[in-house]
Amino acid sequence: MSSITAPSPAADPTGPLVPVARTRRRTELSMLIFAFALVAFAFANVGFSLKGSVPSGIVEYMAAYIVIALLAHLAMRRFAPWADPLLLPLAAMLNGLGIVMTYRLAAQGKLLSVKMSPSATMIQLLYSAIGVGCFVAVLALVREPRVLQRYTYTLGAAGLFLIALPALLPASISEVAGTGAKIQIRLGSFTIQPEEFAKLALAAAFAGYLVAKRDVLALAGRRVLGIDLPRARDLGPIVVIWATSLLLLVFESDIGTSAVFMGLFVATLYIATSRTSWLLLGFVMFVAGAFVASKLFAHVGQRFNIWLHPFAGQNPYNHAYQLVQGLYGMASGGLLGRGLGGGQPYITPLVQSDLVISAFGEELGLAGVMAILLLYGLIVQRGLRTAMLVKDPYSKLLAGGLSFMFALQVFVIVGGVTRLIPLTGITTPFLSQGGSSLVASWTLIALLARLSDAARRPPPRPIQEEGLTQVVTIK
Amino acid sequence: MNRALRRISIAILVMFLLLLINVNYLQGFAPASLAGRPGNSRAFYAAQNQYERGSIVTSDGVTIALSGLSDGNDVIKYQRRYPQGPEYAPVTGYDTLYSQTGIEAAENSLLSGSDSALTVRKFIDLITGKTTKGATVEVTINSKAQAAAYNALAQLGKPGAVVALNPKTGAILAMASYPSFDPSQLATHDGTLLNKVDKQLLADKAQPLLNRALEGAYPPGSTFKIVTSSALLTNSPSTTINTNVDSPTLLTLPQTQHVLHNDQGEVCGNGGGQAPLITAFAQSCDTTFAKIGMQLGAGALNDMAQKFGMNNANLTIPLTVARSNYVIPPSQALTAFSAIGQYSDTVTPLQEAMFAAAIANGGTLMKPYLVQQVTASDLSTVQTTAQSVLSQPVTSSVAGSVGQMMRAVVQDPNGTAFTFNAQAEGGLVIAGKTGTAETGQFSLNDAAFTCFAPYGNPDVAVGVIIQGGGYGASAAAPIAVQVIKAYLATLGNQ
């Protein structure tokens with residue numbers, strides 16, 4: 001197996017005056033070390049605040065975390081040397097903060113509405129290892145983004161199957177206790193949320209289908225009320241996938257994820273066709289759908305009531321208790337927070353999963369939440385930059401779709417917790433306790449890394465003199 | 001495709017900007033308003049973890065609320081305790097995870113140590129390395145009078161309340177309500193248990209959480225005749241307590257078929273249709289005062305009631321006191337009822353005590369107050385309540401006349417409360433007025449009694465209301481007398 005190394009200017013003084021391409025793997029390593037330092041500092045902070053010293057366990061947790069992140073870095077050097085240097089440090093940093101918060105909450109785990117055992121930190125580290133394992137596997141197996149395009153229909157079917165699975169299983173296996181949401185598969189004490197992986201499969205399926213059909217979608221068809229409608233046979237399959245996924249989600253009481261799917265679908269369609277009318281139509285359809293759902297389904301209507309009137313009547317004590325306690329927690333954190341281990345995040349129900357950002361708000365304050373939002377923003381920005389740089393239309397669509405979906409997920413959950421929009425229970429990427437979300441997030445980072453590797457890799461250079469038959473090396 | 005991607009980027013940028021703006025609002029500007037929202041226990045946790053909350057003590061040094069270190073596993077550092085339990089619940093109120101009442105609420109910033117008046121002391125504590133403690137609140141309550149009031153109510157076992165005032169200063173000497181609750185139950189740090197206890201107390205038909213002394217609304221009945229007499233003696237200077245007034249045995253109310261008669265059809269005075277005012281007052285003749293009320297008119301009664309402290313929704317001691325109502329009646333017949341404390345008249349037990357206090361203090365009504373002073377943990381005084389005049393309902397001569405009539409109620413053999421005359425009470429001369437109000441809610445009437453003692457130089461004024469107690473003289477007056485004796489005994493000791 002051969003690989004391409006960056007030519008040095010000295011070796012090729014007559015070469016064109018283009019900026020020298022660099023792999024930037026050292027930048028990645030130094031940024032990773034910065035993330036390690038920050039996470040170590042956060043761990044120590046929790047230890048001093050809760051126990052007055054650095055408990056021995058923290059050293060082992062920290063060591064395991066560093067080993068896991070360095071493995072990811074080595075995989076990058078090996079399989080995606082040209083990948084964006086910021087993606088891995090950003091993901092590792094968020095993952096590390098999530099482990100610290102799990103440790104912090106587990107230390108007072110008995111006080112939580114859903115109790116946490118002291119082993120939660122170890123389990124979260126194990127999930128991180130599995131997540132990085134998936135990251136390495138994706139980089140090793142998917143050597144070219146376009147490989148995925150071949151499996152468009154397979155991935156679409158797999159995505160639908162994964163979404164439908166919990167709805168088809170009995171509630172005893174699929175229902176999240178106390179929420180009525182049928183979104184998981186429980187095997188003993190171990191649960192999987194298949195929708196986390198379905199999102200990725202459908203993102204790839206949408207991109208694959210639309211890249212093949214984008215011209216007919218954009219051009220062939222009739223114009224109705226100023227909107228270019230594509231032919232039914234072109235749009236049909238995609239609408240079927242989208243509608244089925246939405247129906248299933250309403251059936252499974254998982255509104256947040258259906259919003260993310262809808263956003264993914266509309267954004268990918270828009271990037272593929274450049275038709276603004278699609279954006280408008282998608283937005284109107286979603287708002288109308290949400291309105292109708294709020295009238296038809298009591299649990300959806302209640303979400304709106306909680307959002308609009310959280311402090312009215314008995315709401316702060318029952319239906320809106322979770323939202324309101326999250327808000328109180330963030331408010332008590334103020335600008336600089338109460339310090340890790342100094343607040344009372346355990347008052348807020350489900351603070352370890354859906355409302356984890358409110359725990360960060362309470363203990364790290366406005367400054368901490370803004371920093372976390374910027375970390376998310378940077379991941380999205382790296383993804384969008386990749387989409388701009390990459391030449392291949394399929395890769396463009398996939399990178400754009402994945403970035404938008406990631407941004408929308410952050411928007412839906414952080415906006416929900418901070419009462420910008422109605423609160424719906426979805427995970428906060430990398431920070432929430434739980435395996436499926438973490439593994440899926442690492443897979444998403446792996447896909448973006450693969451795409452950015454393709455985008456940044458310099459074109460093959462001639463290795464022989466001009467005029468002779470060119471021989472290029474291809475991996 | 002790049003153009004679409006650029007637009008998508010802008011949409012994402014807007015989404016993140018919205019999140020950032022919203023988080024800035026939530027954590028930068030909203031915390032102050034969110035801190036007081038319902039169910040926000042974070043401030044409680046923070047306060048209880050930061051400083052030891054100050055104690056609440058009575059004027060004679062009995063601790064009625066204090067904080068100490070919590071048991072080992074508690075996440076909250078200090079635990080609030082109420083050693084005197086239900087007896088002082090109307091005074092202390094409670095300090096729970098979610099809310100506060102009573103003195104705990106009214107003086108919260110000083111008790112918790114967050115008040116700006118304590119900033120300098122906290123700073124000194126910080127430098128000298130002492131642990132900061134909240135300020136101690138000393139209330140005006142006399143523990144002997146309070147115990148007498150609560151025990152007498154509990155012994156009777158009927159819902160009611162007692163308030164004792166120092167008529168010269170306005171200091172509240174006793175404030176008891178029955179049935180009551182133990183605030184220690186609500187001081188638990190277990191939210192689930194707290195909700196359970198709270199729900200039980202709220203669902204209790206006996207309403208133990210209601211502080212009847214300040215929030216109860218009961219018809220004053222005949223005790224309102226103090227107001228009617230005061231209005232008569234003020235508006236008609238020629239009238240004295242010995243002036244003969246119309247006292248028919250039966251009084252047909254104008255524009256109605258309703259015939260008003262005295263309790264049990266009693267004859268007023270000698271039965272001649274006229275009786276001296278003092279006799280009608282001592283006997284509590286309804287026909288007499290109904291007629292006086294109609295002559296004076298609702299406007300005059302309303303003015304006088306207001307001067308005695310009624311129709312005031314803004315009285316705080318510093319606990320908020322419910323408004324006692326005199327509603328101007330729409331007809332003469334109803335004015336007649338309002339003059340004898342019926343129709344829509346309602347008073348709090350505190351207002352009941354204020355009637356007697358104003359007369360006892362020569363017609364000057366002092367503003368009632370519950371907090372004597374607040375001292376910081378270094379024993380320096382942070383604030384002291386200054387006595388102030390609330391109003392001057394009557395002149396000292398009118399007060400003297402009404403006082404004489406109230407004396408006759410207890411001391412005159414025809415008086416409704418003659419049982420408690422000076423001879424029976426070991427030489428203690430009590431002046432008072434009974435009230436027995438029909439409510440239609442209970443099989444028995446509400447019993448009321450307002451009084452002051454000793455007659456010559458009053459040290460204490462007491463108001464008692466017993467729901468469904470029956471006659472004022474038999475249900476309410478004995479409790480008032482016990483409180484008076486308990487309090488006067490402490491003065492003798494000093």
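## Chain A in outline

Helices (H or I, at least four residues) and strands (E, at least two) are DSSP runs, numbered from the N terminus. On that basis, chain A has 15 helices and 4 strands. The model is predicted.

Chain A has 475 residues, and 51% of them count as buried. Its contacts reach across the sequence. Among those between residues at least 6 apart, 70% join residues at least 24 apart.

## A buried glycine in chain A

A:Gly401 sits in helix 14 of chain A, which covers residues 393–417. A residue is buried if 20 or more other C-beta atoms lie within 10 Å of its own. A:Gly401 has 27 such neighbours, so A:Gly401 counts as buried.

The contacts of A:Gly401, leaving out residues up to four places away in sequence, are A:Ala203, A:Phe206, A:Ala207, A:Leu264, A:Ala267 and A:Thr268.

## Where the chains meet

The contact between the chains draws 42 residues from chain A and 32 residues from chain B. On the chain B side, the elements that give two or more residues are helix 1 (2–29), helix 2 (31–35) and helix 3 (42–50). Helix 1 of chain B gives the most, with 18 residues. By class, the side of chain B that touches chain A has 20 nonpolar, 9 polar and 3 charged residues.

One helix pair spans the two chains. Helix 9 of chain A (residues 255–273) packs with helix 1 of chain B at an angle of about 145°. Their axes are 7 Å apart. The crossing of helix 9 of chain A and helix 1 of chain B is right-handed. From helix 9 of chain A come A:Ala267, A:Tyr270 and A:Ile271; they meet B:Ala4, B:Leu5 and B:Ile8 in helix 1 of chain B. The residues of this helix contact divide into 6 nonpolar, no polar and no charged. A:Ala267 also touches A:Gly401.

## The five-stranded sheet of chain B

Chain B holds an open sheet of 5 strands in the order 6-5-17-16-15, with antiparallel pairing. Strand 6 (172–178) and strand 15 (431–437) are the edges, and each pairs on one side only. Neighbouring strands of this sheet are turned by 5° against each other on average, direction ignored.

Helices pack on this sheet. Helix 8 of chain B (residues 143–156) touches strand 5, strand 6 and strand 17, and the direction of helix 8 makes about 20° with that of strand 6. Helix 17 of chain B (residues 349–360) touches strand 5, strand 15, strand 16 (446–453) and strand 17. The direction of helix 17 makes about 150° with that of strand 17 of chain B.

## Pairing around strand 5

Strand 5 of chain B (residues 160–165) runs antiparallel to strand 17 of chain B (residues 460–466), and 6 bridges join them. Here B:Val162 stands opposite B:Val464 in strand 17.

Strand 5 of chain B also pairs with strand 6 of chain B, in the antiparallel sense, over 6 bridges. B:Ala164 stands opposite B:Ala174 in strand 6. These two strands form a hairpin with 6 residues between them. In the turn, B:Gly170 has a positive phi of about 95°. Strand 6 of chain B is an edge strand, yet mostly covered: 7 of its 7 residues are buried.

## The six-stranded sheet of chain B

Another open sheet in chain B has 6 strands, ordered 3-2-1-4-12-13, with mixed pairing. The edges are strand 3 (78–81) and strand 13 (381–384) of chain B, each pairing on one side only.

Strand 13 of chain B pairs with strand 12 of chain B (residues 371–375) in the antiparallel sense, over 3 bridges. B:Val374 has B:Gln383 in strand 13 as its bridge partner.

## A helix in the open

Helix 10 of chain B (residues 191–203) has 13 residues. From first C-alpha to last, helix 10 reaches 18 Å, close to the 18 Å expected at 1.5 Å a residue. Of the 13 residues of helix 10 of chain B, the number buried is 0, so the helix lies largely in the open.

Conventions. Residues are numbered from 1 along each chain as its sequence is written. Chains are lettered from A and ligands numbered from 1 in the order in which they are written. This is a predicted model: local features need pLDDT of at least 70, side-chain atom pairs count only at pLDDT 80 or more; totals for chains, interfaces and linings use all residues. The expected span of a helix is 1.5 Å times one less than its number of residues. A residue is buried if 20 or more other C-beta atoms lie within 10 Å of its own, exposed if 12 or fewer, and partly exposed in between; C-beta atoms are placed from the backbone. Two residues are in contact if their C-beta atoms, placed from the backbone, lie within 7 Å. Ala, Val, Leu, Ile, Met, Phe, Trp, Tyr, Cys and Pro count as nonpolar, Asp, Glu, Lys and Arg as charged, and the others, Gly among them, as polar. Two strands pair if DSSP finds at least two bridges between them. Axes are lines fitted to C-alpha atoms, for helices over the stretch in contact, and angles run from 0 to 180 degrees between N-to-C directions. A crossing is left-handed if the near helix is turned anticlockwise from the far one by less than a right angle, and right-handed if clockwise.
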